[in-house]
Amino acid sequence: MADMDEPEKKRRRVVELTEKMVVDGGCGHTCEWEGRWNHIKKFLERSGPFTHPDFEPSTESLQFMLETCKILVIGAGGLGCELLKDLALSGFHNIHVVDMDTIDVSNLNRQFLFRPKDVGRPKADVAADFINRRIPGCCVVPHFKKIQDLDETFYRQFHIIVCGLDSIVARRWMNGMLLSLLVYEDSVLDPGSIIPLIDGGTEGFKGNARVILPGMTACIDCTLELYPPQINFPMCTIASMPRLPEHCIEYVRVLLWPKETPFGDGVILDGDDPEHIQWVHQRSLERAADFNITGVTYRLTQGVVKRIIPAVASTNAVIAAACATEVFKIASSAYIPLNNYMVFNDVDGLYTYTFEAERKENCSACSQVPLDLHFSPSSKLQEMLDYLSGSASLQMKSPAITATVEGKNKTLYLQSVASIEQRTRPNLSKTLKELGLTDGQELAVADVTTPQTMLFRLCFTS
């Protein structure tokens, strides 16, 4: 050390101290030092012009955040990595993270918790390990699963849930799960059953953050119209005159998959299944070769199938920071949370604003009454199915319809199970009257967008 200059001595000392904190900290341990939470205490132990009118400064809020408050982060990708870092450094030490993906080389440019040696490993596991090693006292518990694989008991344990997802279907399912956990006593919502949902989303240089109090404020399904429409290519182009690699991929997705049924009748193309994407990729390469088109890659194939818009690291950072701030507000009760939607846009300069998204009285997810479906008795079941999938306010993916006919519970159509799909397929060409449905009939509809069964009331039109 005697031969080192002073800056090098300081650098070595910082490294030693950091390594010691990491070893002494980690999941299941507490490692504090004087002044560690001074920046947080400034918000929690004194009042100010922006604090909540009912806020009383104390030391208890910080202890709640450090020791008791349990946060669930959904997604460990671009937004998820930022969220985990922000939350852990803000004093939240009991964090769970759910993600079903593994790390790809293309993730490394923005998902900064991952390194080249991590390629192929589960995102949730690697992200949790990194945070636990780097931030003393923090305990991140990973779950390498689909959100649908976890039950009500799992979700009920959390105080706040934060979503950093790239899928509208997954958002809607999570929204439905939290709505299903609500408890009503004599039609009055029990506030203790509400788990706040903080949702963040980014699309290139655009993003949004929103605060959802299930049963009280607008839910995800209340504002489905706000999500951008999917980009669809003209059928004549993808079928006979492809010019882009995306046209080749769409040809395989839209036309070849249902025709060849590579994984069995009724099996829906899953953008998260590597075998499905690999099949589409290979057929797309063959299609591209026939028309001398280049640029079909596995990554592009997955992007087209899942409708992924390229991510920008800086947008992820801004939106994650906004979401983490809202978590802090709600957990500490020190400040009034966002009411309830923030929009961010830095495509041309910087533009941001907030507005209050309002609840829809006839929301299919959060309203307490069955929705009306208006059809003629001569309408075919296929028309009803098309409406459920095509309506801007419903946007279902593979609705399954069940009804009570002549005192018996009858499945009218179910797509997700091949044997049942084959058996119920003839019903699609039958009229509602032929199926034995009557005016005022209650229909139960299940879909991948929600864990709940949605109820509709059939209203016959003349």
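**Figure 1. Pairing of strands β4 and β7 in the predicted model.** Strand β4 (residues 160-164) and strand β7 (residues 197-203) run parallel and are joined by four bridges. The bridge partner of I161 in β7 is L197. Two strands are said to pair if DSSP finds at least two bridges between them. Strands (E, at least two residues) and helices (H or I, at least four) are DSSP runs, numbered from the N terminus. The model is predicted, with local features requiring pLDDT of at least 70 and side-chain atom pairs pLDDT 80 or more, whereas totals for chains, interfaces and linings use all residues. Residues are numbered from 1 along each chain as its sequence is written, and side-chain values use heavy atoms, leaving out hydrogens and water.

**Figure 2. The open sheet of eight strands.** The strand order is β3-β2-β1-β4-β7-β8-β9-β10, and the pairing is mixed. The edge strands, β3 (139-143) and β10 (351-355), each pair on one side only. On average, neighbouring strands of this sheet are turned by 15° against each other, direction ignored.

**Figure 3. Helices lying across the sheet.** Helix α4 (residues 78-89) lies across β1 (70-74), β2 (94-98), β3, β4 and β7, and runs at about 165° to β1. Helix α12 (residues 313-332) lies across β1, β4, β7, β8 (206-212) and β9 (341-345), and runs at about 170° to β7. Axes are lines fitted to C-alpha atoms, for helices over the stretch in contact (heavy atoms within 4.5 Å). Angles run from 0 to 180 degrees between N-to-C directions.

**Figure 4. Packing of helices α3 and α12.** Helix α3 (residues 60-68) packs against α12 at an angle of about 120°, with the axes 10 Å apart. The two helices are therefore oblique to each other; angles under 35 degrees count as roughly parallel, over 145 as roughly antiparallel, 65 to 115 as roughly perpendicular and the rest as oblique. The contact is made by S61, F64 and M65 of α3 and by F328, A331 and S332 of α12.

Figure 5. In the loop between α12 and β9 lies N340, and the peptide bond from N339 to N340 is cis, with omega near -15°. T261, in the loop between α9 (245-260) and α10 (274-290), has a positive phi of about 40° although it is not a glycine. At 25% relative accessibility, T261 counts as partly exposed, a class between buried (under 20% relative accessible area) and exposed (over 50%), computed with a 1.4 Å probe and protein chains only. Q395, in the loop between α13 (381-390) and β12 (400-405), has a positive phi of about 50°.
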